[in-house]
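Here is a short report on selected local features. Please view the sequence and the model together.

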Amino acid sequence: MQPAVLDAAILEKLISAAVAAPSMHNTQPWRYRLNPDTVTLEVRAAPERALREADPMGRAMSVSAGAAVFNLRVAVAHFGWEPVVRLLPHRSQPDLLATVRLAASSRARPHPAHDELYDVIWRRHSSRLPFTGRRLPRQLLYRLADAAREDGAGLHLAGPEETSHLLRLTAEAEQRNIHDPRRVSESREWLRDSGPYGIPAAAVGPQDSAHRMPVRDFRATGTGARQPTALFESHPTLAVLTTGHDRRADWLRAGQALEHILLLATSHAVRTSLLHQALEWSDLRWALNDGPRAPGHVQMLIRLGYGPAGPATPRSGAHDALDGSPAGPGGTAAGH
């Protein structure tokens, strides 16, 4: 497939795809830079939007950056290039999390399983609303597991006993969060009804009136208004995303696998939300690994189901996320 010329419009679309990735509290903790000489996009950490209390090791930031890398891979392939990814390419630049080079493609057409996800990038967002009790098709669950495996991670569906265990740990973490003044203050900073970052009140969602689903209680972070309640599904579908090791590169791989799963689920009208609280406490995170079918290191708990999409959170513009204004190949403007 003959790739397009990398001009300003295509570059903006690539960065917009990357920015559409999920991040904790919608902090969007990334910056992008184009190296026009090698036609390579750099994905860099934005420490000014780091969550120092909830994510002191930068694991969640790396997972988010990995999700952005996957979106870049899909978008780059969509426009006819082969995305060549390197994770943590330079030790001397710890903020440089990954690079994606736009190489000439040897394929007759983009990876079919990925190209079908391109339009889904902008439709995917978390739904913090109750799901129905409808079960996901077994074949789709197999496809989600295959997607995780393709990107170097594992995914399994938690059984009833493991689901209860995971929800108990998540509830314990939620209680710790709402009684930790520093974490409460940090979370409050990202509750925003204007601007491109953070979570607006309309996207917060209700609390579970039956106290079964420990969704994040933003009421406890000083919103000033009591969150409404609703009855959540009594038998939630939880998928556990794991990696064999627990290094920075593994976190980035987990993020790519996570976004692959989320996009594939969205393409089949499946809603998703992330239960992250237990991953924010080191002892509870290790306890997540006690499940009988969770080898390796748990990187995310994914709630899956059918139901309303819910409101989306905002995103920054591509121009704001792209550093500099380099000229593209052949002198074509590549950004501004």
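## Basis

This model is predicted: local features need pLDDT of at least 70, side-chain atom pairs count only at pLDDT 80 or more, and totals for chains, interfaces and linings use all residues. Residues are numbered from 1 along each chain as its sequence is written, and side-chain values use heavy atoms, with hydrogens and water left out.

## Helix 2

Helix 2 covers residues 59-78. Helices (H or I, at least four residues) and strands (E, at least two) are DSSP runs, numbered from the N terminus. At 1.5 Å a residue, its 20 residues should span 28 Å; the expected span is 1.5 Å times one less than the number of residues. The end C-alpha atoms of helix 2 are 29 Å apart, which agrees.

Of the 20 residues, 19 are buried, so helix 2 is largely enclosed by the rest of the structure. Buried means under 20% relative accessible area, exposed over 50%, partly exposed in between (1.4 Å probe, protein chains only). Gly80 follows helix 2 and has a positive phi, near 105 degrees.

Gln28 has a positive phi near 50 degrees. Gln28 sits in the loop between helix 1 (8-19) and strand 1 (30-35). It is buried, at 0% relative accessibility.

Ala269 has a positive phi of about 60 degrees. Its loop runs between helix 7 (248-267) and strand 9 (271-275). Ala269 is partly exposed, at 45%.

## His297

His297 belongs to strand 10 (residues 297-305). Its relative accessible area is 19%, so His297 is buried. Leaving aside neighbours within four places in sequence, His297 has contacts that include Leu241, His245, Asp246, Arg285 and Trp286. Contact means heavy atoms within 4.5 Å.
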